[in-house]
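Here are my notes on this one, point by point. Have the model open while you read.

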Amino acid sequence: MSRAALPAFHDDLDACFAEVWRLLGAGVERGRSGFHLPALATLGAAGVPRVRTVVLRAVDPEAGTLRIHCDRRSDKADEIARNGACALMAYDRETTVQIRAEGRGTLHTDDALADAAWAAAQPMSRVCYGTAPGPGTAIPAGDAYALPDADAAVALGRPHFAAVVVRVAALDFLYLDRRGHRRARWDRSGTGPWTGRWLVP
Ligand SMILES: Cc1cc2nc3c(=O)[nH]c(=O)nc-3n(C[C@H](O)[C@H](O)[C@H](O)COP(=O)(O)O)c2cc1C
């Protein structure tokens with residue numbers, strides 16, 4: 001019975017680190033990757049954790065940042081504005097890898113980064129930012145909200161659009177394989193270098 005070879009990163013900590021960023025990058029590009037739709041956790045008022053699914057929009061391995069988009073009127077945007085503490089987590093069945101990232105999120109609403117992200121967004125995505133009333137508002141019936149058409153969304157949605165850049169400070173990698181699970185963690189402080197180590201899975 002033939003078995004797939006163990007991945008090259010299996011006993012190579014640096015290769016694991018490269019694999020983390022490669023998989024996150026693939027998550028941006030491939031809708032079917034588990035890393036396309038991570039869960040994003042923020043700190044709610046009164047210290048309650050809040051978590052929801054988001055689309056991973058961009059990854060910068062050099063800077064160690066992840067980008068997602070949200071409505072400025074949403075709870076998550078308020079939570080990040082109040083306290084940037086963020087965590088993202090995703091599992092990809094195909095590679096049997098879980099990645100957890102912790103860091104600080106910064107809200108970009110009215111700068112060149114937000115402008116570029118908005119310009120690159122699909123018309124279908126822009127429409128959501130024109131929702132009236134805003135996300136999370138209590139309504140008397142399930143359909144008591146309106147979405148603009150694609151043309152109107154360009155003007156109506158932009159004031160509500162926010163890009164969130166999470167500067168990652170800690171990464172946790174878990175690879176599942178019956179021949180030997182592998183877990184590793186990397187941390188960095190400020191602009192310092194990443195320090196990695198193996199952990200018991
Ligand atoms: C597949 C999927 C993708 C989603 N992508 C996003 C996203 O990229 N940004 C976003 O703000 N909400 C996204 N949502 C909706 C959020 O999960 C959440 O329901 C909504 O943003 C309200 O969250 P909040 O009240 O915590 O801010 C997505 C939901 C699903 C199911």
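1. By class, the shell around the ligand splits into four nonpolar, three polar and three charged residues. In this scheme Ala, Val, Leu, Ile, Met, Phe, Trp, Tyr, Cys and Pro are nonpolar, Asp, Glu, Lys and Arg are charged, and the others, Gly among them, are polar. The shell is made up of L37, R52, T53, V54, V55, H69, C70, S74, D75 and K76, where a residue counts as near if one of its heavy atoms lies within 4 Å of the molecule. At least two of the shell residues come from each of β2, β4 and α2 (75-82).

2. Before going further: this is a predicted model, with local features needing pLDDT of at least 70 and side-chain atom pairs counting only at pLDDT 80 or more, while totals for chains, interfaces and linings use all residues. Residues are numbered from 1 along each chain as its sequence is written, and side-chain values use heavy atoms, with hydrogens and water left out.

3. Now the polar contacts (pairs of N or O atoms within 3.5 Å). The side chain of K76 puts a polar atom 2.5 Å from a ligand oxygen, and R52 has a side-chain N or O atom 2.8 Å from an oxygen of the ligand. D75 uses its backbone instead, with an N or O atom 3.3 Å from a ligand oxygen. On its own the ligand has 620 Å² of accessible area, and the protein covers 59% of that (Shrake-Rupley method, 1.4 Å probe).

4. What does the record say? UniProt, in an unreviewed entry, gives residues 31-108 as "domain: Pyridoxamine 5'-phosphate oxidase Alr4036 family FMN-binding"; such annotations may be inferred rather than shown by experiment. In the model that span is 10% helix and 51% strand, and its end C-alpha atoms lie 24 Å apart.

5. On to the largest pocket, at about 350 Å³. A pocket here is an open set of points on a 1 Å grid over the protein atoms alone, with protein on both sides within 12 Å along at least five of seven lines, and lining residues have an atom within 4 Å of a point. Volume is the space filled by probe spheres set on the points, which are joined across faces, edges and corners. Of the 16 lining residues, H69, C70, D71, C128 and Y129 lie nearest the centre. β4 (65-71) gives the most, with four residues; β2 (49-53) and α4 (123-128) each supply at least two. The lining comes to seven nonpolar, five polar and four charged residues.

6. There is one cavity of 30 Å³ or more, where a cavity is a set of grid points at which a 1.4 Å probe fits but cannot get out. The largest cavity has a volume of about 80 Å³, and its lining has 10 nonpolar residues, no polar ones and one charged. Among the lining residues are L24, F35, L88, M89 and R100. β5 (85-92) and β6 (97-108) are the elements that give two or more residues to this lining.

7. Two backbone spots to look at. The A132 to P133 peptide bond is cis, with omega near -5°, and P133 sits in the loop between α4 and α5 (150-157). A46, in the loop between β1 (39-43) and β2, has a positive phi near 70° despite not being glycine.

8. Overall, the chain has five helices and nine strands, taken as DSSP runs (H or I, at least four residues; E, at least two) numbered from the N terminus. The C-alpha trace spans about 55 × 40 × 30 Å along its principal axes.

Conventions:
A polar contact is a pair of N or O atoms within 3.5 Å; within protein, one must be able to donate a hydrogen and the other to accept it, and residues adjacent in sequence count only if both atoms are side-chain atoms.
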